[in-house]
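Begin at one residue, then widen the view.

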Amino acid sequence: RVLGRWMPGGLAGVIAIPVAAQLACQPVLILLNPSIPLYGVPANLLAAPAAPAATVLGLLAALLLPILPGVAEGAMQLAWLPAAWIAAIATASEKLPGGALPWWPGAAGAGALAAVTLLLLAVLLGRASPSPLWRRRGVATLMIVTCLYAGSLMGQGVGRSMAFPADWQIAVCDIGQGDAVVVRDGSHYGLIDVGPDPGLLSGCLDELGIDRLELLVLTHFDLDHVGGIDAVIGRVDAALVGIAEDARDQQLRERLVEGGATLRQAQRGDAGTLGALAWHVLWPAAGTALQTGNDGSVTVAFDGRGIHSLFLGDLGEESQHALQALAPPGRVDVVKVAHHGSGDQSAELYAGLSATAGLISVGDDNGYGHPTARLLDILAGAGTFALRTDIHGMVVLASAENSPPTGAALTVWIEKPGDDWEPDGPYRARPAASAARTSLEREAG
């Protein structure tokens, strides 16, 4: 009825259904995903005509499958058409700019959105009052809330663009309990592992503006390192991979080749370039028994543009000792901590690396207790500042201007700055344009 004041009644009736559904469900959905779908109503309008056909045909197929499987198969094929239309609408609307507006998470966010929704409904649906004062106050409150929310979104965007280092070289994707780290030089991108989920990896790559990868390194074939492979199939020029242990691993290697990637089984001594960055493989080494799984993780170092970095995959302490026995890697500026911060680590290796920053790609509240207290103590003893995706979200690093050739100062940007963000210990924090950004520099001595 309210919409009918501004448009034909039939059109108002069609639009009112998805609007009412979204208003009623959104506070509850906030508990599952703290965001508001900007295009939810038009997407539902486009998808709605296909829903009855998909539902009825799908139910019919389920009922017929035990007795008439041939007929059920035909019904399933017919149900695929409307179902595919609904999926296409969902996918397209999700990829539109601003498709999901962020909102406060948890019960507080659900309560706040419910209060705003009730106020909106009261203003729109309330009967005319003898005194318009209440209505004017309601409208004014809604306008203030809308302006504050829009301002916060704009402020976040401006603050982020000011703080985000344009010349970043390393970005650790926040993909939960798994690894996915981007290394970059200008328009040249490499990716070390793809995490457990293609959706999370795609979101990270889109946020960083990455369409094509010159180099992909798959350190080993555990699911938390290769589960997101669908996000990069067809987008990789060259891939360095470990030894396949079974048919599933071999199939993944074949899919990369079919997607256009040239494939190399990594061994110590392999080397190449990514733009102006030089990379070389330190592990696995030929002739050792530690060739597969965590102990055979492809370990690669990058050097150039002011940062020397080392990525340890999931190497355990035994492999770390074997790596040192071949030739100690020497000092680095950044180390990707092995195995999400497990306790199976060599204190001697990290002491020798003496990195300024230690990157820990780890899931929030994971069941493994990662990162362990032992690992954090090892990093502290080596003078390495821990940067964790479970606490800091995405972590981005660049070489700070005028940094020395060794022990370089690093510009660090994190997605979730908190009370513990200001570095302490053997670091000097330089002022920055945002609370999310600082500069780490090892104190002399």
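Find tryptophan 103 in the loop between strand S2 (100-102) and helix H5 (106-125). The model is predicted, so keep in mind that every value here is computed from it. Is tryptophan 103 buried or exposed? Its relative accessible area is 11%. Buried means under 20%, so tryptophan 103 counts as buried.

Now look at what surrounds tryptophan 103. A polar atom of its side chain lies 2.9 Å from the backbone oxygen of glycine 109. Leucine 113 sits ten residues from tryptophan 103 along the chain. The C-alpha atoms of these two residues are separated by 8.6 Å.

Move on to the aromatic rings. A pair of such rings is described by two things: the distance of the centres and the angle of the planes. How many aromatic pairs does the structure hold? There are two. Tryptophan 168 and tyrosine 189 form a tilted pair, with 6.3 Å from centre to centre and 40° between the planes. This pair links distant parts of the chain, 21 residues apart. Tryptophan 168 is in the loop between helix H6 (133-163) and strand S3 (170-172), while tyrosine 189 is in strand S5 (residues 188-192). Tryptophan 168 counts as buried because its relative accessibility is 5%. Tyrosine 189 has 13% relative accessibility, so this residue counts as buried too.

Phenylalanine 302 is buried, at 1% relative accessibility. Phenylalanine 311 is buried, with a relative accessible area of 1%.

Next, turn to the surface. Ile67, Leu68 and Val71 form a nonpolar patch there. Together they have about 290 Å² of accessible area. Valine 71 belongs to helix H4 (residues 69-95). How exposed is valine 71? Its relative accessible area is 47%, so valine 71 is partly exposed.

Finally, step back to the whole protein. It has 13 helices and 18 strands. Of its 445 residues, 43% are buried. The protein exposes about 21,600 Å², and carbon and sulfur atoms supply 63% of that area.

Conventions: Residues are numbered from 1 along each chain as its sequence is written. This is a predicted model: local features need pLDDT of at least 70, side-chain atom pairs count only at pLDDT 80 or more; totals for chains, interfaces and linings use all residues. Side-chain values use heavy atoms; hydrogens and water are left out. Rings of Phe, Tyr and Trp (its six-membered ring) pair if their centres lie within 6.5 Å; planes under 30 degrees apart count as stacked, over 60 as edge-to-face and the rest as tilted. Helices (H or I, at least four residues) and strands (E, at least two) are DSSP runs, numbered from the N terminus. Buried means under 20% relative accessible area, exposed over 50%, partly exposed in between (1.4 Å probe, protein chains only). Accessible areas come from the Shrake-Rupley method with a 1.4 Å probe; for residues, only the protein chains shown count as cover. Patches are made of residues with over 30% relative accessible area and no salt bridge: like charges are joined within 9 Å, nonpolar side chains (Val, Leu, Ile, Met, Phe, Trp, Tyr) within 5 Å. A salt bridge is a side-chain nitrogen of Lys or Arg within 4 Å of a carboxyl oxygen of Asp or Glu. A polar contact is a pair of N or O atoms within 3.5 Å; within protein, one must be able to donate a hydrogen and the other to accept it, and residues adjacent in sequence count only if both atoms are side-chain atoms.
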